[in-house]
Amino acid sequence: MSDIADRVKKIVVEHLGVEPEKVIDSANFIDDLGADSLDTVELVMAFEEEFSVEIPDDAAETIRTVGDAVSFLEKKAA
Amino acid sequence: MFNLTGKSALVTGATGGIGGAVAKALHAQGAQVAISGTRREALEALATELGNRVHIVPANLSDRDSVEALIPAAEAALGQVDILVNNAGVTRDNLFMRMKDEEWETVLRVNLEAAFRLSRAVIKGMMKRRWGRIVSVTSVIGTTGNAGQANYAASKAGLIGMSKSLAQEVASRNITVNCIAPGFIATPMTDVLNEKQREGILTKVPMARLGTPEDIAAAAVYLASDEAAYLTGQTLHINGGMTMI
Ligand SMILES: NC(=O)c1ccc[n+]([C@@H]2O[C@H](COP(=O)([O-])OP(=O)(O)OC[C@H]3O[C@@H](n4cnc5c(N)ncnc54)[C@H](OP(=O)(O)O)[C@@H]3O)[C@@H](O)[C@H]2O)c1
């Protein structure tokens, strides 16, 4: 697992207070991890901070699963 | 109670009667304040009066770019904005049938749209810090309506609806969003009333006097405080009993 994926999962676990086992690539923040829409905004803010990147609103809307976040941030870092 | 030491507040319309009193009252409770308005000399005079813990952040709220620049300027001066008081307001009274587009637009832009933009800009930081207070100064007219003030009433009713919606979105993050609805307060805005109008108004006010800016400032201090943590989406009507809602 990449370093980026580890950091993303750590943020998700901490922020949503979910079991680490549940934080798999296909996990949808809202449907699988119990996030509400405000949580998803906050997750994006946390990713922005952790990775020092700017995630515009239209991109943020496409980040629905853990895997979406990891691949978005991997692309940014590449 | 109501200690605001360590908190940072931005007050718009601080050059006016109510905004000046609000800025002074928040400052007296220990807050650091950023004061905004279009008239720089008036801001400087207030800053001199307050002494320390005060910053000047001029802005013209009828200009979109100036609105967008205000929160970054306030954050640069204060470090962060914990308390936002949307107080700036204008009137452009006219009978509905004669109301010009420009009169409608100016009032909506300054009274409502600026409050939307400023609130949107501060909310992110408040969410991160899990604490925030947004207080908007609306008016009894937003609830009752008033002949000749369709634009003003729409803007003030709009503030109430906006605040209730935002309050629901951010309540779980310990951010409260409330309004204060003054009745008739003695300020430059009401100085334009003639003696007859004033007497007419007072017959409808059980307290039989105009309110003072300090009557409003006290509510702002309360709403900004930790003690008001469980109060959100509400409007405090401070009007001497003129309308009881
Ligand atoms: N007085 C009352 O009886 C009463 C009753 C109900 C509600 N209110 C509300 O209370 C609030 C304060 O009113 P007030 O009585 O203190 O009136 P005021 O003394 O006339 O003050 C109005 C304030 O709004 C600011 N402002 C106006 N246009 C602006 C613009 N384009 N950009 C930036 N700032 C602008 C003014 O700043 P500059 O002068 O520096 O431009 C001034 O500080 C208003 O929202 C008003 O609607 C007042």
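How much area do chain B and chain A bury between them, and what percentage of it is on carbon and sulfur atoms? In this predicted model, the two chains bury about 660 Å² between them, 55% of it on carbon and sulfur atoms. Buried area here is the accessible area (1.4 Å probe) that two parts lose on being put together, summed over both. On the side of chain B, Met127(B), Lys128(B) and Arg173(B) lose the most area to chain A, together 65% of what that side buries.

Residues are numbered from 1 along each chain as its sequence is written, and chains are lettered from A in the order in which they are written. Local features need pLDDT of at least 70 and side-chain atom pairs count only at pLDDT 80 or more, while totals for chains, interfaces and linings use all residues; side-chain values use heavy atoms, with hydrogens and water left out.

Eight residues of chain B are in contact with nine residues of chain A, contact meaning heavy atoms within 4.5 Å. Five salt bridges are counted between chain B and chain A, each a side-chain nitrogen of Lys or Arg within 4 Å of a carboxyl oxygen of Asp or Glu. One of them joins the side chains of Glu48(A) and Lys124(B), at 3.5 Å from N to O. Helix H4 (101-129) and helix H6 (150-170) of chain B each supply at least two residues of the side that touches chain A. The largest share of that side, three residues, comes from H4(B). Helices (H or I, at least four residues) and strands (E, at least two) are DSSP runs, numbered from the N terminus.

The largest nonpolar core has 32 residues, among which Val22(B), Leu26(B), Val33(B) and Ile35(B) touch the most other members. Such a core is a set of buried Ala, Val, Leu, Ile, Met, Phe, Trp, Tyr and Cys residues joined through side-chain atoms within 4.5 Å. Buried means under 20% relative accessible area, exposed over 50%, and partly exposed in between (1.4 Å probe, protein chains only). H9(B) gives the largest share of this core, seven residues. Beyond its neighbours within four places in sequence, Val22(B) is in contact with Val11(B), Val85(B), Ala217(B) and Ala220(B). A second, separate core of 28 residues includes Met45(A), Val67(B), Ile134(B) and Val177(B).

Most residues other than glycine have a negative phi. Ser52(A), however, has a positive phi, near 50 degrees, and is exposed, with a relative accessible area of 67%. Arg130(B) also has a positive phi, near 60 degrees, and is partly exposed at 32% relative accessible area.
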